[in-house]
Amino acid sequence: MTSSTSVQIPGYIAGTWDIDASHSTVGFSVRHMMVSKVRGYFREFSGEITTAEDPTQSTVTATVDMDSIDTRQEQRDAHIKSADFFDVGNHTVMTFRSTAVKTDGADWTVEGELTLKGITKPVTLALEVNGFGPDAYGGTRAGFSARTEISRKEFGVDIDMPMDGGGVVVGDKISVELEIEAVLRAA
C-alpha cells in the first residue's frame, strides 16, 4: 500500500511491524581516555513499529534489556551494569516511545521520549528509511537506520573519572546508532 499523502516513499507499506532483533543492532559509542571511542551494543531488545497511511502519523515503541550490554570486555560490562553507570539491579530496561515523525523532503526525524535509569528525556533521531520488500519466507520486511547523540549525565549516568593532566576516562556524549529490520505482522 503506498502512502496517499504528498509524502511518497517508494514501496511504502502501512502496517504493524515487529523488530527482528536477530537482524537489527542497537549500538553506541563513547569517547574513551580522550583519544578513542569504545563501541558497544545491546544483545536483547524488542519493539513495534506502526507505519501509518500517512507516514508522519507512524509510531514506534522499543524496550532494551540493560543487562544485555556488550562492549567486548566482561570487566567493563560489569562496571557499566553497576550503580556507577546503569544500575541494572534497579533499572533493568531502557525504553523509547515516539511522539512525532517529521519529514523535510528526503530528511526524516523521529522525536520521542527515552527513559534510561528512571529518567525520561526527549530525543530526536535522524531517520533513514532503507526500504520495504518481500523476504525469503513469504513475509514482508522493512529497514530503517537511525542515529542520535545523548548526554549520559542528563540520564543520571553522572560518574566522573578524571584523568591526570585533565580530561575524563569516559566522555559525556553518547552516539547511538540503530540498524533496524522489522517484519510485517500477518493480517
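Author: What follows starts with the chain as a whole and then turns to its salt bridges.

The model is predicted. Of the 187 residues, 42% are buried. Among contacts between residues at least 6 apart in sequence, 58% join residues at least 24 apart.

Now to the charged pairs. Side chains of opposite charge can pair when their charged atoms come close. The structure holds ten salt bridges. One of them joins Glu 113 to Arg 97, with 2.8 Å between the closest N and O atoms. Glu 113 belongs to strand β8 and Arg 97 to strand β7, and the two are 16 residues apart. Glu 113 has a relative accessible area of 31%, so it counts as partly exposed. Arg 97, at 41%, is partly exposed as well.

Another salt bridge is formed by Lys 102 and Glu 111, at 3.3 Å from N to O. Lys 102 is partly exposed, with 42% relative accessibility. Glu 111 is also partly exposed, at 25%.

A further pair is Glu 181 with Arg 141, where N and O are 2.8 Å apart. Glu 181 is partly exposed, with a relative accessible area of 24%. Arg 141 has 16%, and since buried means under 20%, Arg 141 is buried. This pair is also part of a network: salt bridges that share partners join Asp 20, Asp 135, Arg 141 and Glu 181.

One more charged residue deserves a look, for its backbone. Most residues other than glycine have a negative phi. Lys 117 is not a glycine, yet its phi is positive, about 55 degrees. Lys 117 sits in the loop between β8 and β9, and with 16% relative accessibility it is buried. Asp 87 likewise has a positive phi, about 50 degrees. Asp 87 is found in the loop between α1 and β7 and is buried at 17%.

Note on methods:
Residues numbered from 1 in each chain as written. Predicted model: local features only at pLDDT ≥ 70, side-chain atom pairs only at ≥ 80, totals over all residues. Heavy atoms only, no water. Buried < 20%, exposed > 50% of the residue type's maximum accessible area, 1.4 Å probe, protein only. Contact = heavy atoms within 4.5 Å. Helix = DSSP H or I, 4+ residues; strand = E, 2+ residues; numbered from the N terminus. Salt bridge = Lys/Arg side-chain N within 4 Å of Asp/Glu carboxyl O.
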